[in-house]
Amino acid sequence: LHDCLLAWWRQIKEHYTYGQEILRENDWKQLRSQLDSGKLFLSKGKGGGRRGAHHIANGATRQSLGNVLAILSKEHGSLATKEIFNNSVNLPHASVIASRGNWPSCCPLVTGSSVPKMQRLNWMLGNLWPIDIAVCMALLIMENPKFTPFSLLRARVDDKHGKPFLELVDSGERFRIEKARAKAMKGSVLNELSLDIVHTVLQMTSIQRPELKAKNSPLSQLLFFCFHKGKWHAIGHDALSTQLSLSGKYSAEGGLFLQQYPELERAGLVRGTVNFRKIRATEGVLEWFRTGSIVAMARLLGNSTKIVINHYLPKALIAAWNTRLVRRFQNLWLAVAAAGEDFFLEATDFHSLADLHAFLKDMLSQHAPTSSPLATELHKAFGKLLSIDGQPALELSRGSLSIPISKVVLSALYLYQDAAIAAGVTPEKLDRPDPITGLKPRQFVALAELLRHQLPTTRDAKARVAHAEALSLVDSLRGRVSWSELFSESDKNVITN
C-alpha cells in the first residue's frame, strides 16, 4: 500500500514540476498577440476546426502544452475542466486534449492504469483532485501516526496570529495540527517524505490561496482543498476515504485508487479494506509488535495507554498475544522442571528438540542468571547451550558482543537487522560464525530485536533518547543505504563484517 501511495504522490509532483517549468518557458506576450490576431492553427492547415490536430494549443509538443497551461493560467484561473475547453475560444475541444498519444514524449509518465489527462493538466497547474488529497493524507498518517484523519482534514497553514503551523525546531521541521476531541495541539517532526508532501502542497495551493483569502474564504487557511464539482471546497472524510477503497454511500464515486493498482487486490486489499483509521491503527499495532510495549504504541499514536488498549488493539489480538506470553512462561517453567528427564520434550508444546533448543537459547539470552530464581535455574540447566568449545560464551572475548548505547551504533544495528529481514537470510547463514571474530549474524539480529523491545521503556532517559534518535536516523538512511551485499551468496563476503 505504501509503495502504491508513494508512486501516486511522485507522479503528482513530477507533473507539477514539469508544468511549472514549461509555463516559465512560455512567452505569454507573444502568445497573447497570436491569440488576439486569431492565428490559432499551425501553417499545415486548420485540420477540422477546433477539433483539429493543428491547433497551437493541442498539447502535442512541449511548446504547445505550454500554450495550453498558459491560456488556462492567464484566462481561466489556473483550472482545467472539459467545460472550459469546450467553451473557450482560444482552446481546442476537450477531445483533442484527451486523445491518446497526443502529448509529448518528454511529459512525465503515470503509474496508474488510467489517469485522465484533465487530472494531469490540473497537477501541472497546481490543483489537487480528491483522490490526490486522499493519497497525501494516507501517506502523512503512515509516516506520522499522531495525525488523525479528521485533524489532517482541518489542518491549517497558520494560526490566528499568522504564525505558521510548520515550524523549524532543533530536530528538524515540525507540523502542528489540532486534535479537536483531545482539545490539544499535536506536533510531529516530519521526515523527508512528509516534508516533501507538505512543502509541495503548500507550493501548489499558493496559486489559489491568495484569491480565496481575498474572498474571506475559510478554505484559504486549510492545508488541503480542491476544485470539485464546479467549486472550491474541502472534501469530507467519508468522500475522501472512499477514494482509497470502494465503500459506503459514496461508493459510486470512490474506489479509484484500488482500481489504479491491481497489485493491491492481489495483496488482499479489496473493496472496503482500506481507510484512514485502519491505516493509523495498523501503524500502532506494528509499533506494538516491534517494541512489545503499549507505552511505545501510545506514544507513537499520541494517545493514552487506556485509549490504545480500548480502541486500537483488537481484543482477539490482545488475547492471542497474552496467550503466547503465558504459553512461553509455562514452557519455560516446564522445561526447567523437566530438564534431564526422558519426557523433557513431551512436557512442552514443541514438536522437535531443535525448536525447543531455539526457544531455550532465546530465553537464556533474554534473562540474565541473576535476574530471578527461575533464571538462575534456567542457566544452571541449559547454560551449556550458549557455550563455545565447552566454555560459557560470556567468558570468552572471541565471539562475544558488547556495544555502547548511542544513536550511531544503534542505527547501524537496526539497519543491519532490517537488511537481514529484507534479504530473507536462511537460518544456516544466520548461524554461520565469522572466521575472525567468531560472531554470528543471528547475534546482531537478536540483539537488535532485544534493544528495540527494551529501550523504549527503560528508566535510562539517555538510552531512550538514543533509541528514538537512532530510529529517526534509520528512517532517513533506509532509502540511501543498501547492505544487501552483506548477505550475498558469495563466500568472499563476510556477513558480520
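This is a guided tour of one predicted model, stop by stop.

Before you start, note that residues are numbered from 1 along each chain as its sequence is written. In this predicted model, local features need pLDDT of at least 70, side-chain atom pairs count only at pLDDT 80 or more, and totals for chains, interfaces and linings use all residues, while side-chain values use heavy atoms, with hydrogens and water left out.

**Whole chain**

The chain holds 23 helices and seven strands. Helices (H or I, at least four residues) and strands (E, at least two) are DSSP runs, numbered from the N terminus. Of the 497 residues, 42% count as buried. Buried means under 20% relative accessible area, exposed means over 50%, and partly exposed lies in between (1.4 Å probe, protein chains only). Now consider contacts, meaning heavy atoms within 4.5 Å. Among those between residues at least 6 apart in sequence, 61% join residues at least 24 apart.

**Stop 1: α1 and α7**

Select residues 2–25 for α1 and 130–143 for α7. Two packed helices are described by the angle between their axes and the distance between the axes. Here the angle is about 125° and the axes are 10 Å apart. Axes are lines fitted to C-alpha atoms, for helices over the stretch in contact; angles run from 0 to 180 degrees between N-to-C directions. α1 and α7 are therefore oblique to each other. The cut-offs: under 35 degrees is roughly parallel, over 145 roughly antiparallel, 65 to 115 roughly perpendicular, and the rest oblique.

α1 passes α7 in a left-handed crossing. That means the near helix is turned anticlockwise from the far one by less than a right angle; clockwise would be right-handed.

Now show side chains. From α1, the contact uses His2, Leu5, Leu6, Trp8, Trp9 and Ile12. From α7 come Ile131, Asp132, Val135, Cys136, Ala138, Leu139, Met142 and Glu143. By class, the contact of α1 with α7 has eleven nonpolar, one polar and two charged residues. Ala, Val, Leu, Ile, Met, Phe, Trp, Tyr, Cys and Pro count as nonpolar, Asp, Glu, Lys and Arg as charged, and the others, Gly among them, as polar.

**Stop 2: aromatic rings**

A search of the whole structure finds nine aromatic pairs. Rings of Phe, Tyr and Trp (its six-membered ring) pair if their centres lie within 6.5 Å; planes under 30 degrees apart count as stacked, over 60 as edge-to-face and the rest as tilted.

Select Phe227 and Trp232. Their ring centres are 5.3 Å apart and their planes meet at 70°, so the pair is edge-to-face. Phe227 is partly exposed, at 21% relative accessible area.

Next, select Trp288 and Phe289. This aromatic pair is stacked, with 5.7 Å centre to centre and 25° between the planes. Trp288 counts as buried at 4% relative accessibility. Phe289 counts as partly exposed at 39%.

**Stop 3: α14 and α22**

Phe289, Arg290 and Thr291 of α14 meet Glu449, Arg452 and His453 of α22. The residues of this contact divide into one nonpolar, two polar and three charged.

**Stop 4: two leucines**

Go to Leu430 in helix α21 (residues 427–430). Leu430 counts as buried at 14% relative accessibility. Leaving aside neighbours within four places in sequence, Leu430 is in contact with Val425, Lys440, Pro441, Arg442 and Val445. The C-alpha atoms of Leu430 and Pro441 are separated by 4.9 Å, and the two residues are eleven apart along the chain.

Then pick Leu334 in helix α17 (residues 315–337). Leu334 is partly exposed, with a relative accessible area of 35%. Leu334 touches Ala347 and Thr348, not counting residues up to four places away in sequence. Eleven residues along the chain from Leu334 is Leu345, with 9.6 Å between the C-alpha atoms.

**Stop 5: positive phi**

Find Ser78 in the loop between α3 (62–75) and α4 (82–87). Phi of Ser78 is near 55°, a positive value in a residue other than glycine. Ser78 is buried, at 7% relative accessible area.

End at Asn216, in the loop between α10 (209–214) and β4 (226–228). Asn216 has a positive phi of about 60° although it is not a glycine. Asn216 is exposed, with a relative accessible area of 70%.
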